Amino acid sequence: MVLQLEESIRCVHEGPVAAEYQRRLEMWAKLKEARGPHDVHPGLLRDLRVYGGGQGIWVDKAITGSVSPDGRGVTVGLLHTGEHRNYLSADGVIYHYARTSRPLGRDLQEISATKNAGLLRLPVFVVTTAGPGKSLRDVRIGWVEDWDDAGGAFLVMFGAVEQPMACVAQDPGRLFPPAQPACDCLPHSSKRRASSTRFRFGVFRRYGYKCAVCNIAVPELLDVVSLKPNRRKADDDPTHGLVLCALHHRAYEAGLFAIDPDTLHVVTPSNGPDAAALNVTRADLRHLPKAAEPQALDDTRNQH
């Protein structure tokens with residue numbers, strides 16, 4: 001198994017990318033030697049160049065600029081300060097693209113650098129606060145697995161620094177796409193597992209940031225709802241979910257409405273409030289860019 005893992009790393013990382021991967025391994029080792037990666041002083045992160053501070057995405061272009069073929073560098077650290085739009089869970093984070101007052105080129109450069117981390121299979125350090133009101137930081141190893149340009153978000157999954165995760169995103173619009181590895185020989189243990197974070201990311205990418213049954217499009221008020229909450233086998237198939245606002249999420253969970261799998265109409269029980277009383281402004285789901293999986297919708301009808 002060890003030989004297989006070493007071969008997979010050699011296969012994935014070559015040349016300057018291999019050197020950068022080794023540098024990040026050493027950064028992680030030094031962080032742990034300093035009694036990290038939890039309750040770390042921000043000054044130590046700066047000294048190790050894990051995170052530079054002052055922005056959400058730390059590229060360290062002076063070092064990583066020559067690593068990526070497009071010259072935009074490779075993201076090293078991502079700061080998560082607890083804001084709602086960057087969804088954080090035990091297995092990963094949905095990290096939204098920068099929206100700053102800086103020149104647009106700066107934000108675009110950081111977005112490209114984060115995509116480079118995924119395409120080149122280089123780990124990033126996800127930095128979070130150690131707790132409410134604390135100045136110390138916790139650090140996790142993350143892998144940029146996918147991204148959604150329309151929704152402006154990255155999917156970053158946590159894992160071991162010694163075990164590269166495959167990036168599944170396709171980005172045909174890039175002018176200078178990084179070279180792909182010569183082979184795909186990741187060990188079996190690094191294969192994807194079902195993830196609530198991946199599920200949430202996929203549902204938002206599929207349906208957009210808007211409630212499926214009303215016109216609310218405020219990201220902070222939107223939830224991802226599983227259409228198969230009682231499924232025995234966990235999965236992260238986005239066709240098994242919908243985007244609902246907080247009000248209609250609660251109404252759906254309470255059985256106050258369901259979706260007919262044959263007509264895609266919103267239906268309400270005869271002994272409960274009607275669609276108008278629930279502020280449901282969409283009669284059906286035909287307006288969605290893609291349809292939900294019929295079997296999942298059929299399950300909802302059986303549950304209500």
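**Aromatic contacts and a surface patch**

Tyr97, Trp147 and Phe154 form one aromatic cluster in this structure, which is a predicted model. Across the model, the count of aromatic pairs comes to five. Within one of these, Tyr97 and Phe154 adopt a tilted arrangement, with 4.7 Å from centre to centre and 45° between the planes. Because Tyr97 belongs to the loop between strand S4 (92-96) and helix H5 (104-119), whereas Phe154 belongs to strand S7 (residues 153-158), this pair ties together parts that are 57 residues apart in sequence. Tyr97 and Phe154 are both buried.

The rings of Trp147 and Phe154 also pair, and since their planes stand at 75°, over the 60 degrees required, with the ring centres 6.3 Å apart, the contact is classed as edge-to-face. Trp147 has a relative accessible area of 5% and is therefore buried, the limit for this class being under 20%; Phe154, at 0% relative accessibility, likewise counts as buried.

A contact of another kind involves Tyr87, where Arg200 lies over the face of the ring, at 4.3 Å from the ring centre.

On the surface, a nonpolar patch is formed by Ile216, Val218 and Leu221, which together have about 210 Å² of accessible area. Of these residues, Leu221 is placed in the loop between helix H6 (196-207) and strand S8 (222-226). With a relative accessible area of 42%, Leu221 is partly exposed, because this value falls between the 20% below which a residue is buried and the 50% above which a residue is exposed.

Methods
Residues numbered from 1 in each chain as written. Predicted model: local features only at pLDDT ≥ 70, side-chain atom pairs only at ≥ 80, totals over all residues. Heavy atoms only, no water. Phe/Tyr/Trp six-rings, centres within 6.5 Å; stacked < 30°, edge-to-face > 60°. Helix = DSSP H or I, 4+ residues; strand = E, 2+ residues; numbered from the N terminus. Buried < 20%, exposed > 50% of the residue type's maximum accessible area, 1.4 Å probe, protein only. Lys NZ or Arg CZ within 6 Å of the ring centre and 35° of its normal. Patch = residues over 30% accessible without salt bridge, like charges linked within 9 Å, V, L, I, M, F, W, Y side chains within 5 Å. Areas by Shrake-Rupley, 256 points an atom, 1.4 Å probe, with all protein chains shown as cover. Salt bridge = Lys/Arg side-chain N within 4 Å of Asp/Glu carboxyl O.
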